[in-house]
Amino acid sequence: MFTENPEDFIYESSICIYSISAEGIIIYANKCTLEVLGYSKEEYVGHHAAEFQLDTECLNEMMARLNRSENLHNYPARIQGKNEAKYMIYNSSVYEENGEFKHTRCYGTEVLKPIYDAFLKHLKD
């Protein structure tokens, strides 16, 4: 039986978990997300995702697909960490209420550049 508090489970997870509103505002980030990117909660949550996304076309494509209720699977993105660029692979879906996009459900993993490049090539093929 699962007895851990679900909020603690998500916050303490060893994978990046975060959520973005339909307007592009980061509304939640767990401990792993903040540690990987090097930001405090105040420096990250409440800010627009475009402040951290290094490739505007990538962010626009991700949000367009999510707005069409498409899930993202193994989607590569370059994110500006506090001290350096991070290569991330994301899996995301949308939470809707009455057919309205409320927020994303995003899960990410930091990867090395050669792995990022392989995912990017696969995405473009």
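Predicted model: local features only at pLDDT ≥ 70, side-chain atom pairs only at ≥ 80, totals over all residues.
Residues are numbered from 1 along each chain as its sequence is written, and side-chain values use heavy atoms, with hydrogens and water left out.

Let's start with F2, in the segment before α1 (6-11); helices (H or I, at least four residues) and strands (E, at least two) are DSSP runs numbered from the N terminus. F2 counts as exposed because its relative accessible area is 53%, and the cut-offs are over 50% for exposed, under 20% for buried and partly exposed in between (1.4 Å probe, protein chains only).

Now find helix α4, residues 56-67. Its twelve residues reach 16 Å from first C-alpha to last, close to the 16 Å expected at 1.5 Å a residue (the expected span is 1.5 Å times one less than the number of residues). Which residues of α4 are buried? They are C58, L59, M62, M63, R65 and L66. Looking down the axis of α4, you'd see these buried residues fall within an arc of 160°, so they line one face of the helix; the arc is that of the directions from the helix axis to the C-beta atoms. The face turned away from that buried side carries the exposed T56 and E57.

Last stop: N83, in the loop between β3 (72-80) and β4 (85-97). N83 counts as exposed because its relative accessibility is 74%. N83 and Y95 are twelve residues apart in sequence and 31 Å apart in space, C-alpha to C-alpha.
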